[in-house]
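New notebook page. I want to look up a few things in this structure and jot them down as I go.

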Amino acid sequence: MASGMHMSSPMCLIENFRGKLQVNQKALEILSAIMQPVVVVAIVGLYRTGKSYLMNKMAEKERGFSMGSTVQSHTKGIWMWCVPHPKKLKHTLVLLDTEGLGDAEKGDNQNDCGIFALAILLSSTFVYNSMGPINQQAMDQLHYVTELTKQIRAKSSPDENEAEDSADFVSFFPDFVWSLRDMTLKLEVNGQSITADEYLENSLKLKQGTSEEAEKFHLPRLCIRKFFPSKKCFIFYPLTEWKKLRNLENLHDNELDSDFVHQITEFCSYILNHSKIKTLPGGIKVIGPGLVSLVQTYVGAIKSGELPCIENAVLDLAWVENWAAVQKAIAHYDQEKSRKVQLPTDTLQELLELHRACEEKAIEVFMENSFQNMDHLFQKELVSQLEKRCDEFCKRNMDASSSRFRALLQDLFSPLEEDLKQGLFARPGGYNLLIKKTKMLTEKYLEEPRWKGIQAEEILQTYLKSKETITNAIQQTDQALTAKEKDIEMERVKAEAAQVSVKMLEEMKRKYQQVIEQSERSHQEHV
């Protein structure tokens with residue numbers, strides 16, 4: 001099974017409660033967990049003929065299915081035992097043991113017909129177990145096979161030609177194995193030894209005549225030949241003294257007849273090596289959830305008083321399998337996307353190309369696991385789901401890109417932010433200094449190896465736009481400070497000029513006074 005678990009003991013799959021069939025939900029849960037192809041072997045026969053013993057041997061277990069030692073039937077309904085297939089890796093062997101046919105306590109032939117039909121519909125190998133040789137009595141006891149066309153429909157809207165309808169579902173019938181228990185007759189015809197298969201073929205031969213007796217003789221034989229193209233026969237000698245049979249579960253092989261032990265070994269080897277995977281029209285191999293769908297559809301039809309219909313079962317299963325195929329394809333898409341895509345991508349085109357590649361693989365997975373995808377409804381649903389996932393990836397890509405470049409901006413522009421907080425640009429010429437630093441950091445941002453990305457330019461522009469208000473304020477402050485500084489300079493120049501004028505005038509006065517004094521001395525000297 002998918003998780004490696006297995007059933008330690010059988011469980012009732014279809015209960016027969018007061019003549020009404022109902023499905024055991026716990027058994028369905030076990031089947032639903034099986035994600036491997038299932039090989040389904042069902043056994044049917046009169047009650048108290050040792051069916052459960054054969055099933056335990058096929059499971060390679062001494063104990064399992066209940067075996068009674070009295071005239072009372074033990075198995076009721078259909079019991080299931082899922083075990084890892086002993087011969088086929090990654091396959092699950094599903095054994096179905098049915099309640100005995102012809103139980104006097106039950107006294108309901110219609111119920112037996114339903115059990116017989118379900119065993120055929122669900123199995124890939126159908127074992128009919130009977131006691132003694134194949135004679136008319138044995139054929140009469142197999143009258144259920146003559147009722148199959150009345151118990152099963154191939155199409156939801158059958159053709160008028162019933163024979164043609166029966167031919168439709170015969171091709172999907174299981175392989176037929178007839179096990180003859182407690183056989184004491186020699187396999188000889190006209191003094192020549194024959195095989196068990198030849199014995200079965202001889203027993204199915206028709207005899208001449210058209211009388212009512214001949215018709216009665218022919219009917220079960222014709223049905224077996226028609227419904228089961230693949231037939232096999234095994235004979236079993238009495239296994240031990242009848243007194244020991246009541247303790248059969250505890251007997252070892254060395255306590256049984258050696259020929260019987262050999263025959264059981266051959267029987268189990270054939271069943272395990274030749275039984276096929278349960279397969280539906282179109283070659284679809286059934287896994288656990290598919291078998292669940294078949295059980296529910298067939299039992300539901302019987303409970304509602306309708307005939308189990310193969311076509312309806314296939315349609316129901318197609319819905320289940322196709323929906324499962326959609327989920328499997330989506331899971332594959334998600335896995336591939338996670339493995340190949342590292343967010344954020346450098347461009348949107350890169351992401352879309354990766355989406356298309358993963359989408360193609362997902363559709364391949366869907367096609368491998370789907371069948372009867374009418375009108376491509378499920379494939380359309382898959383494409384719709386993948387488009388939604390692509391949109392989600394694009395959004396995640398945008399978010400991842402935005403986060404990356406916000407972090408990069410914060411890392412590069414944090415010194416500038418600190419300078420702004422400290423007011424270092426609130427001085428004359430501060431605006432030009434701010435522009436110079438912003439340009440330098442922008443160039444550094446664009447030169448970063450991590451700059452590539454769909455949100456890189458947008459995040460940068462958003463940041464720069466967010467700084468427009470403070471940049472304008474610094475520009476206005478710079479302009480105001482510069483104009484005031486010019487006025488102060490002019491006043492300073494005027495003051496300096498006035499001081500120079502006063503000094504020049506004083507100097508001129510001083511020089512004039514010196515000239516006068518010089519002239520006065522010269523005059524005095526002349527006098």
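Predicted model: local features only at pLDDT ≥ 70, side-chain atom pairs only at ≥ 80, totals over all residues.

How many helices and strands are there in the protein? I found 16 helices and 12 strands.

**Overall**

I looked up burial next, and buried residues come to 42% of the 527 residues. For the surface, I noted that the protein exposes about 29,300 Å², with carbon and sulfur atoms supplying 52% of that area. Then I checked contacts between residues at least 6 apart in sequence: 71% of them join residues at least 24 apart.

**His 218**

I picked out His 218, which sits in helix α8, residues 212–227. Buried or exposed? His 218 has 8% relative accessibility, and the cut-off for buried is under 20%, so His 218 counts as buried. Leaving out residues up to four places away in sequence, I see His 218 touching Leu 206, Lys 207 and Gly 209.

**Two helices crossing**

Next I followed helix α2 (residues 51–58) to where it meets helix α9 (residues 258–274). Their axes come within 10 Å and cross at roughly 65 degrees. I wrote down the crossing of α2 and α9 as right-handed. Which residues make the contact? From α2 I listed Tyr 53, Leu 54, Lys 57 and Met 58. From α9 I listed Phe 260, Ile 264, Phe 267, Cys 268, Ile 271 and Leu 272. Sorted by class, the contact of α2 with α9 has nine nonpolar residues, one charged and no polar ones.

**Aromatic rings**

Reminder for this part: a pair of aromatic rings is described by how far apart the centres are and by the angle of the planes. My count here is 16 aromatic pairs. One I looked up is Trp 319 with Trp 323, at 6.3 Å centre to centre and 20 degrees between the planes.

Trp 319 is exposed, with a relative accessible area of 52%, while Trp 323 is partly exposed at 34%.

Last entry: I traced a cluster linked by ring pairs. Its members are Phe 116, Phe 126, Tyr 128, Tyr 144, Phe 173, Phe 176, Trp 178, Phe 227 and Phe 228.

Methods: Residues numbered from 1 in each chain as written. Heavy atoms only, no water. Helix = DSSP H or I, 4+ residues; strand = E, 2+ residues; numbered from the N terminus. Buried < 20%, exposed > 50% of the residue type's maximum accessible area, 1.4 Å probe, protein only. Contact = heavy atoms within 4.5 Å. Areas by Shrake-Rupley, 256 points an atom, 1.4 Å probe, with all protein chains shown as cover. Axes fitted to C-alpha atoms, helices over the stretch in contact; angles between N-to-C directions. Left-handed = near helix turned anticlockwise from the far one by under 90°. Nonpolar A, V, L, I, M, F, W, Y, C, P; charged D, E, K, R; others polar. Phe/Tyr/Trp six-rings, centres within 6.5 Å; stacked < 30°, edge-to-face > 60°.
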